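Look over the model first.

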Amino acid sequence: MSDARDVEEQDVDKQRNEHLKRVQRNLLPFLDVKVNSNMKNEAFKSLNYYHYQYQSYGIPLDNIKLYICLLESCAVEGDWVMCKKIMELIAGGNVKINLQAFMSIIECAYRADKHDVISGILENITTSGFDINDMLIECNFVRDQKEVVLKAIRTQIPSFEPKRRVSPIFYNCKLLEHLNEDMPADRFYSPLGPPSTTQIYIDRAKEQLEAEERCFKIITNFDHNSELSKEKTEVAKKVRKYVSKWNVEMLLVFQEDVNQFRMKSASSNGILDIMPYFCCLKPEEYVEIMYREFLSVMLSTDQIALDLRGLHRLLGCKVMDKYFLQTKMQNGVVDHTLKLYKEYCEYYVNPELTSRFTARQYWELLREKYYNGPDIEPVEHRWPRDIITEVGKRMFSIMQRVIKFDLNFLENTGKPGVKNLVSPFFTALTINEENGAESRDVKRNRDVLPYCELLDDGTYCMQTTYLPMLCPPIPWTSVSSGGFLINHTYSSYVFLRGTLASQHELLKGTNKQDLFPYFDSVNHITDTPWLINKQVLKTAIEVFKRWNPSSEPVELNAEKKRLATLLLGVRRGKQQSETSVLDIKHKFSVAIDLCGKVFWFPHSIDFRGRMYPIATYFSYQMTDVDRGLLLFAKGEPLGKDGLDWLKIHLTNSSGGKKRCSLKEKIEYCDEMLPEIMDSADNPLEGNGWWQKCSNPWQTLASCIELTSALRSPDPHAYVSHFPVHQDGSCNGLQHYAALARDLEAAKHVNLEPHDVPRDFYTRISTELEEARKKDADNGNQVAMFLDGLINRQFIKMPVMAMIYGTSRSGHLPIVKQLNDISEFSVPQQRIAADYLAEKIQPIFETWFTSVKGVTNWFSKSGNLISHIHEKPVEWVTPIGLPVCQPYFVPGRRFRVERVIPTKESNTLKQSQSFSSNFIHSLDATHLILTNLYCQRRGIPFVSIHDSYWTHSSRINEMNKICREQFVALHSEPLLENLSEHLKQRFCRQVFLDNEEYKSDIEALKQILSKVPDKGSFDLSKVLESTFGQLIVFLLD
């Protein structure tokens, strides 16, 4: 009985401690919002309450950041009385003080004219083991804090001059050591060319800053029809008049709710509540967010249903983003950033600067130059996820209460004075048939949708951070500083996108210098300026008008169906569109807005180091239409080889001569010149050859560019703005083949020199089809069922899954492929998937013996790591990025409203994904190496994972660098280094000392030590290969 009671008490203590830890985490942003919303006294009341409550539990409230929050507020106002009270709490609670706290205390003493106590504070700093000079280097300053603190110190030490530390600016990575040498004196790459001036960039920056301060930009809808019938015009006036009162009503309801929050908060002891999060902006700003979100839900989405919790989070995040923007403006951070940026613009027009520094290095020099201003990376405290959701939930509740249409009034029906109020949206409970999980969705009320459409003023309200920038982005110098002119640490557009806390913890312990390759690589791609291809845009808009999706259904008109497919595309291997009508409207509206302007795409990376544009409406990483619409802003003469590469690119885009030599591709292009020129001159009235190609819009853009070059007086001197692509050939397998030095695999994936490219997937599909035919001839029903289905595209995903070990013998991707074929029932899909997987496996294992050894090693290692430790698998890339796989067991759902998060690692996903994610991180490493060496030689560079883009005149240089860096990367002992890292991380002595896990750890250590033997492939052969890293044809 006693033992049971002890266990119960331990559980109670554990739950209480977890609760107290959570409270302490949530208290920091709570206090931060209060002090920044002129509620300093209320914030002190909360701090005081929790300080003594924790003491009563015998647990100190020992997070010094909580006290600093209040100290900084006291310092600004020179409130020495409250500052002393906080110091007493720190001393009485045995809280470990730091330099940031001392800095605020000194500032407060100086502003309060307590110069007599400054000497004692400085002495206290020294006796606490700190250096006064370090305070001016390590602390985070806003407004004029640094100048005030310096004055305070000089009241006691008149001759004091801070000594600045020299921050490293070079790489500490062996693979990049050559880039630490002086840059060549003639290296100069101005994105817009010599005619540019600093003022051009400054003017564009001001326009961009205005948009970022508003948080949104109004874009004209190119397809809006403003003409309404007389009857509809009258109804529209009535609707707009009716709707105009909503903002006033929402403001009143909002203020009533806030007053209730305030009354409840005032009567409490200062406990955590929602109140400050509804007082950190002006009431009108909350109302504007709510109204714009109503318009977005009703007019700017074609989704049938929206996740309710997602909508809550979206509203809450918009409030949080606005709050962080507001505090940055109040603290002088925005003004100081703009001050630096104005001088940074000189970097783009001064050859001396671009020949001496990378963008990161020059930006850091400017930060040192303007040392006395506020820090442009201020400390920010992220709002808890549940608070963000709760803020959005309360706001949506106000929307539901106020935003209603009176159908009797609008339709002139019903008795006078009797209202028939109908909400434009409603929530519906959805139950997942597979796992029974419940969720709530927001759906639009079709009865009032026609009235909502009358509110459409012909514009889209687009979030600024989802659009390209109008000026060069700020270079990334840390994971929280870079990209947009105004950014914040916890926005959705930080350097590492979608990263979980586990990887953020790893990054905290990472030397910032280790991340320089990633910052510089993203900066180089981000610095590439773009233009809209006006001719392609004009044709695309004309196609859209002829299609006219708002008229009769596409199915009723064959020509319209063809035009719809041309614009929307078709997902490869599937029967569904690649994009939607609304997406096309957004793209073309943004493209028209950008037409004639130069613009930039800020980028971020994922947890593996892969780079992505942040823009979501329109970018070069999206569809065929997007890519066809884009040109480099700066042109370069085609030169000696550029014309041939332009022809090769056109052939690749068209889908012709896929597995032919480069010479044959050029000859094919020459043969097709009449069709090419006809496509360029008469894209819609001519023969329409480009419309039948694999990538029609990229093909059309290529036709226009090649035609213009050939008709110029000297094609080799023709200045081309056209980006030419070089696409990787079976990139994942190339890395596997190089890791294993697998000779046979290297031949199949073009790492060995060949006159004509080899296609591994085509060969497998050919052998598989031969085996299927034989089985079908022998009466196998499944084989007969699969007649006509097996081709290169069909087997590509299953084979990739088999290589990476992400599913059982490629079974799952086969089921997904078959799922698009309506004739196949679910049981038939599974039987067919088993059949195909059984046939593919031996073919793959026969051809790739050494590669199979590597994949098995990854699979066994990942499986043991995830099962023994029940933690994410981690590693460090060859150039320094710590990687942590973000796979966890989904949270448990209690009712519909609440999800309890879990930190339990998804062991199956961790194990299955280790191999593929390591290869992707390796592929990203190779891309970054290629990018940085291209930057050194002044070669423009853009990429979509394994597709590298540059000017046609620079292709040969880029390809040479690409192969050199592939060889350099794989010349490193990659698997041996990974083995040592994993042993140090997961097989430490502390684990071996635990008897419960000792045998498992020993088994893991043994597997990790058995690095697979390498084959006989000579890696230097890659340098001679025409089609390996990179191959120059597009594959379906």
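Q: Leaving aside neighbours within four places in sequence, which residues is tryptophan 697 in contact with?
A: This is a predicted model, where local features need pLDDT of at least 70, side-chain atom pairs count only at pLDDT 80 or more, and totals for chains, interfaces and linings use all residues. Residues are numbered from 1 along each chain as its sequence is written, and side-chain values use heavy atoms, with hydrogens and water left out. Contact means heavy atoms within 4.5 Å. Beyond its sequence neighbours, tryptophan 697 touches Val536, Thr539, Ala540, Val543, Leu566, Leu567, Asp624, Val625, Gly628 and Trp690.

Q: Which members of the largest nonpolar core touch the most other members?
A: A nonpolar core is a set of buried Ala, Val, Leu, Ile, Met, Phe, Trp, Tyr and Cys residues joined through side-chain atoms within 4.5 Å. Buried means under 20% relative accessible area, exposed over 50%, partly exposed in between (1.4 Å probe, protein chains only). The largest core holds 163 residues, and those touching the most other members are Phe588, Phe618, Trp697 and Phe760.

Q: Which helix gives this core its largest share?
A: Helices (H or I, at least four residues) and strands (E, at least two) are DSSP runs, numbered from the N terminus. The largest share is 10 residues, from residues 907-936, helix α38.

Q: What is the strand order of the open three-stranded sheet?
A: Two strands pair if DSSP finds at least two bridges between them. The edge strands, each pairing on one side only, are β2 (305-307) and β5 (425-431). β5 pairs with β6 (residues 438-444) in the antiparallel sense over seven bridges. The order is β2-β6-β5.

Q: Which residue in β6 is the bridge partner of threonine 427?
A: Pairing in this sheet is antiparallel. The partner of threonine 427 in β6 is valine 442.

Q: What percentage of the protein's residues count as buried?
A: The protein has 42 helices and 23 strands. Of its 1036 residues, the buried share is 55%.
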